[in-house]
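Keep it in view as you read.

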Amino acid sequence: MSAHPDDDRVVDTVVMPFTTAQVGGSHVSGTTLGASLQRVYGVRSIVVAPEGAEVLDLARGLGMEGQVSGDPARWRHRPDRDLLRTPARVAMLRALPGRRLVHCNDLGALQAWAPAARLLGIPLVYHCRAFDRDRWFNRLVIRSADHVISIARGVDASLSFLPAERRSVLVNPFSTPLSVDSAAARRRLLDDLGVAEARIVGFVGNMWKRKRPEMFVDIAQRLAATDPDLRFVLFGRDGDVTSDTMRAKIAAAGLSDRFLLAGFRLPPEANLAALDLLLMPALDEPFGRTPVEALLLGIPYVAADDAGHSEIHARWGGGRVLPIPADADAYAAVCRDVLANPDAVRLPPERRREIHAELSPDRHGIDVMNVYRSMRR
């Protein structure tokens, strides 16, 4: 049921295409937005993705429609293949009634669906959730969008080749609950670690080199040398760093009996609520969900002072940041300080409630609808 009169919306149906099989931050943020548009404005929100894609189940669980695209699951297809698929995408969009809009959440989806949207004259939004490589073809694809929403100021700055009136900056929505059964989540994780009690330092993110999971092991090794009660856990899937590589690194550091490669687990708030400290040495992180989810839950973090981490820390605090050149010894020293006095950085409950309201999905839905409205002028 719409919370606003029908004439307050400028679109009847939003189509959100995705191209990959697994769920990442863009899928969570995109479907959270789609569900909000549906709930607040009565907009029909449709996720289109390859058969078996996890985002289809995610969307349906939020009350959205999920349609199979007929495409193989891949982050980005060859441009000629996308052009060959354009007639099928045109047919799918043409069959939808009313005022339609295509909202793409990554560059692969924008490349795939822009030709169909342009041929039908359907408004096209690109929600830029990453630092796309600055190549001429990427610029060409991005220029196909009528409007680009960036999730952080740093991301927006990388799009300065677009006119200012075609760009907006909107922080991602968060539906992270403020209250989580942290004791139960912690007990499960301690059982997996094989100990009755310990303090736990965690890394949450898929294993890409830029996220520096191997540096997490280096920092853990230094922390373990001075505190035998610490345990370490990494939540995430393989990327360009594999679990086998990490196991070898962990064994070489002498941490095999103190370290858990937990894989990908949901819900994210349960992973975070079990931790005493979240460690994020990642670089080039546009505006990660994890540090915001952590500060909303009152879990202190230690992060690289770079990109989105810098924006999050400057805006809300909730943790400590280190300069990009900082080594494992420097990180370990700051981690020890935070573990010794977490209340020095943990946000008080009332401040967390204020941020929770500021980042609510419905607030985000209203902001995005205002972007849609500005495109109609």
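This is a predicted model: local features need pLDDT of at least 70, side-chain atom pairs count only at pLDDT 80 or more; totals for chains, interfaces and linings use all residues.

Residues are numbered from 1 along each chain as its sequence is written, and side-chain values use heavy atoms, with hydrogens and water left out.

Q: What makes the radius of gyration of the protein chain agree with a compact globule?
A: The radius is taken over C-alpha atoms, and the globule rule is 2.2 Å times the number of residues to the power 0.38. For 377 residues the rule gives a value near 21 Å, and the chain has 21 Å, so the two agree.

Q: Which residues of helix 10 are called buried?
A: Buried means under 20% relative accessible area, exposed over 50%, partly exposed in between (1.4 Å probe, protein chains only). In helix 10 (residues 243-252), Ser243, Met246 and Ile250 are buried.

Q: Why are they said to line one face of helix 10?
A: The arc is that of the directions from the helix axis to the C-beta atoms. The buried residues fall within an arc of 60°, so they line one face. The face turned away carries exposed Asp244 and Ala252.

Q: What do the buried residues of helix 10 pack against?
A: Contact means heavy atoms within 4.5 Å. The partners are helix 9 (213-226), strand 9 (230-235) and strand 10 (259-263).

Q: What follows helix 10?
A: Glycine 254 follows, with a positive phi near 75°.

Terms used: Helices (H or I, at least four residues) and strands (E, at least two) are DSSP runs, numbered from the N terminus.
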